[in-house]
Amino acid sequence: HRPPGASHLSSPTTALLLGGMQGTPLSANDVSSKVIVVGLQDEGGSNGSTSGGVTRGADIPISAAYPTLTPPPRKATALKGSEEAGFVSSDLVFEDKTSPTLSGTHVDGDVPPPIKSDEIVVEGFPASSEDGTGGTPPNKVDFAHGMKSGSVEQHEENWDDVSGPFLGNWSRQIVKHYYYILLALIATCLAMSIFVMYGPPDERCTPGATSGQMTVCDQTPYDWSLPYGNASLFKDAYLNAIESVEDEFKTLTGGTTGEVAERSATAGDFSITWIFQHEDGSDSTIFTPKKVQAMCKAEAVVTQHPLWKYYCPLAADGTCAGQMLSAVSRFYPTSQDRVDCALLSQAVIDARGAALVSNLLTSTNGFFVNEGTVEGGYTNATRSMLQLGQPLKGFTGEEDAKDDQRLVYRLFAKGFKCGSGGKVKLHDGSKFKGFEVAGPCEGKPEGHEVVGVEQKVFDHYSMEGFPASGQFQGSLRSPYFTMPLIELEGESTLKSRFYSGLFQQLEFDRVVNGDLNFAILSVATVFCYIYFHTRSAAIATASMFHIVISLPVGYFFYFNVFQYHYYSQMHILTIFLALGIGADSVFVYVDAWKESGKMHTIRTNAGRLHFSLNRTAQSCFNTTFTTVMSFVATCLTPIMPIHAFAVFAAIVMSVNYLLVISYTPCVVYIYHLHVGDKGGCCCFCNGASQTCRWQEHSEQDTIEAREADPAYKCLCYSKGERNLPKPVVISEESAVRRTESQDERESLETLLSRMGKVEHFMYNRFAPFLCGKVPNAPFYKKPVACGVILFFFGYFAFMISSAAQLTPPKTEELWFPEGHMHNSDFFKRLSDGWKGTADNQYLRASITMGVESMQRPHYNWFFPGRERGAVEWDPSFDLSKAEQQAFFISACDAVQQHDCGG
């Protein structure tokens, strides 16, 4: 019918279809859920461009007819059905749910049935066909303009239906209770994290610790061994057999029974070794008065340390014994001389130096000189070693509580703080009860710091790291990157490098702390990129919380549920996995949420959540599941630290996924309600740029949710009026019908307008290059794609071939870069190129007989240094029998006659 007050209509048969009463002017409050203006033509088709019963080019002055009709705008959408079925202008398709009274009442008997609420669909219009009788509308719309070729599928899924068993129901619950769900998740994660940080630890992991489960365990020499391999079992059987019959063994071998005297032997593993050489590499003697004096002062830093008297080997009279492998002791024979380090005359240096380079093959002198040194000649480099004594006070032998002894040696290198009463406590149950009465903490207040030997050596050579002090000293730049050089007046500079197994372990700790700083930098970088991608600091902050919190939450299950109590530096690497996969999952959800706001088939926020959750849950499950299963496969390794790391990583990845589909939807939905269409904080950033907004205007569903949101009312409701969507006036120009080519171009432009720069590149450049310009073409017309597939098949074959040729490493692993003091050249020089061996002894090998098996009833794989088991004797072993005696003698002869290739 003709609307009241309309100036004209293009055709008498043109109809204005509104879901209201005939002839009644409508206001914005009376508009039903859909208002669609289409042109209809009668059978005669007297006016306008027609096709399949649809008038094109109808000019409708709707603004004049209904000046008060100003519903919120909606963007253009393609109609379901044939292109000939008609076109709905983007300016004439609206959605407003302010009035439930107008919902599909027809004003003309020829008008088709009402439009569905879940799709913008015009039903009942005849689709064009070659015979003019109509046909079934296709489910694809081809675009002929602006596209090489292709089609866009219409989505039939009703995302507003949230009655599904899981994702749909979960979406409905989030929309109803988003604050409660978010607070419950945050509280649960924080509670687990706090329990992990302050809960009861496993003392087997960190001796002496009283709180904190997520603490790096003390390392032992057994961590990376194969505990159930023959090499490990045989060694344990030998050591346990010796320990079990220690007194009998010592009697047979001429030793003394009972406990080993305190520090009566040397601990070679913890010795401190120097290498002295000319900095310019000159070929002249290293033994000059000034250089020997500089060597003496370097060793005096250790021997004059207040802790030295508790660690040095002891002589019969209880004083520190001489150091046979110290080059300085050859020039300064008395302990007082080594304290004073006076400058010796050239004559004394020459005489004592000559004695040092004599008898090179029959004494320990070969330890101090280069391999090329000849008898009576000179050496241009030397090395010197200070050895520590063992067993320490309170221990009966080298193997007695070996882990505890190692921790006590570590105190010597690292230092410690004095406890109450001037005592030093290692941990409960330790045999180490502190130093003797006149110990280093005697008379010192609680908390007094005793500086370790390593730091004293650093100070002597002016070696400083960054930071220079504190818990993370040297974590960014190690002091070992400063080469210790001693400039001598009138002589070449003395290059002095030093090493100890104790120092190396402390350096490993510094490296790990440095890597933690890079992890913090990685967190900051990922935060910045999330902010760049989402245009929201709030979303970036909340996302980083969920990524980082997944580690302690995962550790809660790792430690308390799965009972894995081993935690090493390797576990810290999991943060990089969580950052990568967690950030990617956030991107998937946020992009899906933004896309749902442009889909006119989705009417509600619950529908948007349903769509976003469905896409994220499926795509992220694929990536998370494959990652988790790769770590599950890694769990098969017999190497304990790698196994534990794989379990922890798999748990963290699983927790990360669960938070993505539970925590992230709540955060994004709250952000949408408060600031999604304002480009920033709803209270302070109302004038933010459009580029920061996730959507241009608020929908009615969002407005209603805001009215029911107490937090929104409290914070921003009073300011909400200026953020309401602006009314859109429909002009005559906007109502003009478009041609068929314009229709197709608009559909394409609508599709492309949703794409970013990356999507445009992939669509216009990469996809045609990779797959060809003709879709669904046979494979031989896609040369680039075929070439890529062939390349990766070849690369796969090459990698399989290379993997089959892998062999164990033939050299020691190098842990530090070339600029580090402990580089490859230093380690090579430490043991090679000298006349004598490090301690002038051969490597000992043992053959054990009479042991049937090794029993480990209380052995824990995650604490390999403890409870390693006991031997079970072979009842048939009896050396009183002649045949066993003969076998024993033949075994000894075989060993003695074996050619070692030297």
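## Arginine 535 and helix 11

Just after helix 11, arginine 535 adopts a positive phi of about 60°. Helix 11 covers residues 501–534, which amounts to 34 residues. From its first C-alpha to its last, helix 11 reaches 49 Å, close to the 50 Å expected at 1.5 Å a residue; the expected span is 1.5 Å times one less than the number of residues.

The model is predicted: local features need pLDDT of at least 70 and side-chain atom pairs count only at pLDDT 80 or more, while totals for chains, interfaces and linings use all residues. Residues are numbered from 1 along each chain as its sequence is written, and side-chain values use heavy atoms, with hydrogens and water left out.

## The chain as a whole

The chain contains 23 helices and 12 strands, taken as DSSP runs numbered from the N terminus (helices H or I, at least four residues; strands E, at least two). Of its 902 residues, 43% count as buried, that is, under 20% relative accessible area with a 1.4 Å probe, protein chains only.

## Helices 12 and 15

The axes of helix 12 (residues 537–561) and helix 15 (residues 640–660) come within 8 Å and cross at roughly 125°. Axes are lines fitted to C-alpha atoms over the stretch in contact, and angles run from 0 to 180 degrees between N-to-C directions.

Contact means heavy atoms within 4.5 Å. Among the residues that meet are His546, Ile549 and Tyr558 in helix 12, and Ala644, Phe648 and Asn656 in helix 15. The residues of this contact divide into 14 nonpolar, four polar and no charged; Ala, Val, Leu, Ile, Met, Phe, Trp, Tyr, Cys and Pro count as nonpolar, Asp, Glu, Lys and Arg as charged, and the others, Gly among them, as polar.

Note on methods:
Buried < 20%, exposed > 50% of the residue type's maximum accessible area, 1.4 Å probe, protein only.
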